[in-house]
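Hi everyone, thanks for making the time this morning. I'd like to walk you through one structure, so let me put it up on the screen.

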Amino acid sequence: MSDRLLVIDDEIDFALFVRRVAETSGYEVKTTADPNEFRKIFREWHPTHIIVDLVMPEADGVEILRFLAGDLCVAKIFIMSGFDSRVVDAARRLGTERGLDIVAALQKPLRARELANVLESNHSEEDLVTETSLREALQHGDILPFYQPKVDLRSWDPVGFEALVRWRHARRGTIPPERFVPMAEACGRIDELSESVTVQAVSQVGAWRDQGIDTTVAINLSSLNLHEEALADRLDALCRHAGVPEDHITFEVTESAAMAEPLRALDILTRLRIKGFKLAIDDFGTGYSSLVQLHRLPFSELKIDRSFVQECDRSREAKIIVKTMIELAHNLEMSVVAEGVETEEVLHTLAALNCDAVQGYAVAHPMSPDLVPAWLAEWRSGHPHA
Ligand code: C2E
Ligand code: MG
Ligand code: MG
């Protein structure tokens, strides 16, 4: 069932504009300029979302908010006005203090894109991320990886891509992994999700090879994927079938993932390495017993968490931590990738610290696979030694 948006606004043109944008964003919409009609629709139609204009001739928005609070409204409310932001903020506080769920205060005039963003990011979760809709999305091929390049800090050569899963939702746009990976884990669909991402990523490497692009892909695994003893054999068979050498695929696991069931994880990860796959420890520095994991498990790559990376040009402490992590990894014969590199300053700091590779918006955002050949050509033309 879709979300129901009730709009009260006396400007007919604006109400029509909101209706058009909201319908495109997947809402059912009713609009009114009349407070009495508003109350009636509210009580009969049970909107999930409400837009309240603060200034109207018949009733002001504050009265509407008072009515909604009195009716114990649980809908998400957007307040809107042409007044300056202080008035809007004051109304927002008032609503919140009365127990209403005011999710945004918007100022007129409003661009369509701005409104669509707010509406799309405020859909009811239960309508969106459910086990059923996830299962359907998996079946329909709507769960797919984007690819973010890693580049070598000495040669500027792109050394591979990380597959980052997205849910391409017909009405809601692109949904990021934090919104559905934990759900997939909770409802027992994480094996299916990882299987789907892995099959797509491995066959993508094969397809790029056919186009003359020889590159590697890193795939994220969840701790819950590390339960199946036959995992390594299955992944090996998949690569053979696609004609992709195992050393072109890296599996990324977090420290906590490796800790969940230590013996089982050790068994599975070791067998993956023996088959020729690479292993990376992801978000390094954020979990617990980092050093124990590094020592115990056969990792080939260490990915420094972006919380340290992003500060390393400004904070002395962050820089020392990053430097130490790089040295540690090198001493253990692992390569180091810094995650979340957004600026040139951080890029240069990392190069000076002898980091091997970087990944982040300073190089490129995650992209759909069909954009990769053009990105590679453009990157290489800008970095002639790559
Ligand atoms: P991660 O593996 O640490 O992936 C890096 C995340 O940082 C990605 O977020 C990426 O888009 C984002 N990122 C890259 N460069 C920058 C930057 O310069 N600045 C900032 N602020 N962020 C940057 P994304 O794609 O939203 O993925 C989030 C997390 O979801 C991943 O973190 C990973 O743990 C998980 N994930 C992604 N794909 C999968 C998957 O297929 N399976 C599983 N189990 N987890 C996945
Ligand atoms: Mg990762
Ligand atoms: Mg990471």
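First, a word of care: what you see is a predicted model. The protein has 386 residues, and buried residues make up 49% of them. The secondary structure comes to 17 helices and 14 strands.

The protein is divided into two parts: domain 1 runs over 3–120 and domain 2 over 131–382. Between the C-alpha centres of domain 1 and domain 2 there are 42 Å.

The partner is Glu192: its side chain and that of Arg189 are joined by the 2.6 Å polar contact. To find Arg189, go to the loop between helix H8 (181–186) and helix H9 (190–210). Is Arg189 buried or exposed? Arg189 counts as buried, because its relative accessibility is 15% and the cut-off for buried is under 20%.

Let's move to the ligand. Ligand 1 is surrounded by 23 residues, and the closest are Arg166, Asp282, Arg306, Glu342 and Tyr361. The space that ligand 1 takes is the largest pocket. Two elements give two or more residues to the shell around ligand 1, namely strand S7 (158–169) and strand S11 (278–284). Which of the elements gives the largest share of that shell? That is S7, with 4 residues.

What about the polar atoms of the ligand? A nitrogen atom of ligand 1 sits 2.5 Å from an N or O atom in the side chain of Glu342. On the oxygen side, an oxygen atom of ligand 1 is 2.9 Å from an N or O atom in the Arg166 side chain. There is also an oxygen atom of ligand 1 at 2.9 Å from an N or O atom in the side chain of Glu162. As for cover, ligand 1 taken alone exposes 800 Å², and the protein buries 85% of that.

Next, some backbone geometry. As a reminder, most residues other than glycine have a negative phi, and most peptide bonds are trans.

Let's begin with the peptide bond from Lys108 to Pro109, which is cis, with omega near -10°. Pro109 is in the loop between strand S5 (101–107) and helix H5 (112–120).

Then there is His46, which has a positive phi of about 50° although it is not a glycine. You'll find His46 in the loop between helix H2 (35–45) and strand S3 (49–53). His46 counts as exposed, because its relative accessibility is 51% and the cut-off for exposed is over 50%.

Asn354 is not a glycine either, and has a positive phi of about 75°. Asn354 is in the loop between helix H16 (344–352) and strand S14 (357–359). With a relative accessible area of 39%, Asn354 is partly exposed.

Ser222 lies in the loop between strand S9 (217–220) and helix H10 (231–242). At 8% relative accessibility, this serine counts as buried. What lies 3.0 Å from a polar atom of the Ser222 side chain? It's the backbone nitrogen of Leu224.

Helix H10 also holds Cys239, which is buried, with a relative accessible area of 1%. Cys239 and Val336 are 97 residues apart in sequence, and their C-alpha atoms are 25 Å apart in space.

And lastly, Ser335 lies in strand S13, residues 335–338. Ser335 is partly exposed, at a relative accessible area of 30%.

Methods: Residues are numbered from 1 along each chain as its sequence is written. Chains are lettered from A and ligands numbered from 1 in the order in which they are written. This is a predicted model: local features need pLDDT of at least 70, side-chain atom pairs count only at pLDDT 80 or more; totals for chains, interfaces and linings use all residues. Side-chain values use heavy atoms; hydrogens and water are left out. Buried means under 20% relative accessible area, exposed over 50%, partly exposed in between (1.4 Å probe, protein chains only). Domain bounds come from an automatic or database domain assignment. A residue is near a molecule or strand if one of its heavy atoms lies within 4 Å of it. A polar contact is a pair of N or O atoms within 3.5 Å; within protein, one must be able to donate a hydrogen and the other to accept it, and residues adjacent in sequence count only if both atoms are side-chain atoms. Accessible areas come from the Shrake-Rupley method with a 1.4 Å probe; for residues, only the protein chains shown count as cover. On a 1 Å grid over the protein atoms alone, a cavity is a set of points where a 1.4 Å probe fits but cannot get out, and a pocket is an open set with protein on both sides within 12 Å along at least five of seven lines; lining residues have an atom within 4 Å of a point. A molecule sits in a cavity or pocket if more than half of its atoms lie within 2 Å of its grid points.
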